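Q: I have a new model open and would like a quick tour. Can we go through it piece by piece?

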Amino acid sequence: MLLAFSGLSIGIIATAFVLTNFAHGIWASRFLVNVFYLAIVALVTFGAVRWFAGSNLTKLLLLITLIGYVMFGFAAIDHANWRYTSNWAGTHSLAKWFVTHNLYHGYGQYFEAGAPLLDIASNERITARPLSCNTGYLIPRLSSGDDQFWFGAAALPSSQTPQFVVFAQADPKWARCTIKSFGNPAMKLKHGALDIWVYRHDLSQPLIMAHDDFKHKWMLMNIANNRKAITKVGTTLGISSGWAQNAYTWLLKKGIAQ
C-alpha cells in the first residue's frame with residue numbers, strides 16, 4: 001500500500017510539474033523535492049518486501065542505492081552550506097545596520113536582500129515585507145499567501161516612518177520599479193552590494209495603488225494572450241476562431257473567464 005501511494009504521488013507531482021509550466025528552468029527543480037523523499041520511501045518499502053525473497057544481486061543493488069542516497073544527501077548539504085548559516089547572505093549585519101540608522105519598517109527583495117529574515121535577525125525589531133518587481137511595478141510577493149498575512153491593514157502602520165526599500169545594486173530594474181511605485185526617495189544609502197532608499201512617508205497606500213495598477217495591466221495582457229492563443233488554434237486547425245472569440249467575450253462579461 002505504501003509503495004503504491006509513493007509511486008502514485010510521484011506520478012501526480014511530476015505530471016502537475018509539467019502541466020503547470022513550472023518545468024522551464026533549473027530553479028523550478030525545488031518543486032520536485034518531495035519526489036526525492038517519496039523515492040526513498042518507495043525504495044525502502046520495496047526493499048522490505050523483497051529482501052527475503054530477493055536474490056543477492058537485488059540486495060546488493062538495494063544497498064548501493066541506499067548508500068548513494070545518503071552520500072547524495074550529505075553532498076547536497078555540504079554544497080549548500082551557506083543556506084544553513086545563521087547569517088545567511090549577511091542578514092544579521094544588514095539588520096544591525098538598519099537598527100543603527102533607526103530604520104525599522106520597510107520593504108525589500110526576497111532573496112537578494114533577505115527581507116523575510118530581517119525580522120528574525122533583528123529579534124523582531126525590524127518589519128520588512130518582501131516585494132516582487134513585475135511588469136514595472138513593485139507588488140507584494142504572493143507565492144506563499146503572504147498578501148493576507150503580511151500586507152493586512154495593520155501590517156505596516158502608517159505612523160511608522162521613515163520607511164525603507166532595500167534591493168541589490170546590480171538590479172536596475174528594481175530601481176525603476178521603486179520609483180514608479182513610490183516615487184523618488186528622500187535619501188539613497190548603500191550597505192555592501194545593496195541600495196537602501198529611505199522615504200519619509202507611508203508606502204503602504206502607494207503599494208496598494210501600484211498593486212491595483214499591476215492587476216489591471218496583467219488582466220489586459222492575459223486577455224490579449226488568450227485571444228492570440230484562440231486565433232492560433234483556429235489557424236492551426238484551419239477553422240474560423242470567431243465563434244470561440246465570441247464565447248470568450250461572453251465568459252469575460254459574465255466574470256467566468258479571465
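Q: Among contacts between residues at least 6 apart in sequence, what share join residues at least 24 apart?
A: That share is 58% in this chain. Keep in mind that the model is predicted.

Q: Okay, how many helices and strands are there?
A: The chain has nine helices and six strands.

Q: And what percentage of the residues is buried?
A: Buried residues account for 34% of the 258 in the chain.

Q: What about the accessible surface, how much is there?
A: About 16300 Å². Carbon and sulfur atoms hold 64% of that surface.

Q: Since it's predicted, what is the average pLDDT?
A: The chain averages 79. A score of at least 70 is reached by 82% of the residues.

Q: Which elements have the lowest and the highest mean pLDDT?
A: Helix α6, residues 146-149, has the lowest, at 48. Strand β6, residues 194-199, has the highest, at 94.

Q: Switching topic. How many disulfides does the structure hold?
A: One. Cys133 and Cys177 form it, with their sulfur atoms 1.9 Å apart.

Q: Where do those two cysteines sit?
A: Cys133 is in strand β2, residues 127-134. Cys177 is in helix α7, residues 172-182.

Q: Is the link left-handed or right-handed?
A: The link of Cys133 and Cys177 is right-handed, with 55° about the S-S bond.

Q: Are Cys133 and Cys177 buried or exposed?
A: Cys133 is buried, and Cys177 is buried too.

Q: On to charges. How many salt bridges are there?
A: Two. Side chains of opposite charge can pair when their charged atoms come close.

Q: Which residue does Asp195 pair with?
A: Asp195 forms a salt bridge with Lys190. Their closest N and O atoms are 2.7 Å apart.

Q: Is Asp195 buried or exposed?
A: Asp195 counts as buried because its relative accessibility is 10%. Lys190 is exposed, with a relative accessible area of 54%.

Q: What about the bridge between Asp212 and Lys215, what is its N to O distance?
A: The side chains of Asp212 and Lys215 meet at 3.8 Å, N to O. Both residues are in helix α8, residues 204-237. They are three residues apart there, so about one helical turn separates them.

Q: How accessible is Asp212?
A: Asp212 has 40% relative accessibility, so it counts as partly exposed. Lys215 is at 44%, and counts as partly exposed too.

Q: Now the surface. Which residues make the nonpolar patch?
A: Leu57, Leu60, Leu61 and Ile64 make a nonpolar surface patch of about 400 Å².

Q: Where is Leu61?
A: Leu61 is in helix α3, residues 56-79. Leu61 counts as partly exposed because its relative accessibility is 48%.

Q: How far is Leu61 from Gly47 in C-alpha terms?
A: The C-alpha atoms of Leu61 and Gly47 are separated by 10.0 Å. Along the chain, Leu61 and Gly47 are 14 residues apart.

Q: And Ala186 to Arg200, what is the C-alpha distance there?
A: Ala186 and Arg200 are 6.5 Å apart in space, C-alpha to C-alpha. In sequence they are 14 residues apart.

Q: What else does Ala186 contact?
A: Leaving aside neighbours within four places in sequence, Ala186 is in contact with Val198, Tyr199 and Arg200. Ala186 itself lies in the loop between α7 and β5.

Q: Where is Gln245 found?
A: Gln245 is in helix α9, residues 242-253. Gln245 is buried, with a relative accessible area of 15%.

Q: Which residues does Gln245 touch, not counting those up to four places away in sequence?
A: Arg227, Ile230 and Thr231.

Q: Last topic, the backbone. What is phi of Asn102?
A: Phi of Asn102 is near 55°, a positive value. Most residues other than glycine have a negative phi. Asn102 lies in the loop between α4 and β1, and is exposed at 51% relative accessible area.

Q: And phi of Asn123, what is that?
A: Near 55° as well, again a positive value in a residue other than glycine. Asn123 lies in the loop between α5 and β2. With 66% relative accessibility, Asn123 counts as exposed.

Terms used
Residues numbered from 1 in each chain as written. Predicted model: local features only at pLDDT ≥ 70, side-chain atom pairs only at ≥ 80, totals over all residues. Heavy atoms only, no water. Helix = DSSP H or I, 4+ residues; strand = E, 2+ residues; numbered from the N terminus. Buried < 20%, exposed > 50% of the residue type's maximum accessible area, 1.4 Å probe, protein only. Contact = heavy atoms within 4.5 Å. Areas by Shrake-Rupley, 256 points an atom, 1.4 Å probe, with all protein chains shown as cover. pLDDT = per-residue confidence, 0-100. Disulfide = S-S within 2.5 Å. Patch = residues over 30% accessible without salt bridge, like charges linked within 9 Å, V, L, I, M, F, W, Y side chains within 5 Å. Salt bridge = Lys/Arg side-chain N within 4 Å of Asp/Glu carboxyl O.
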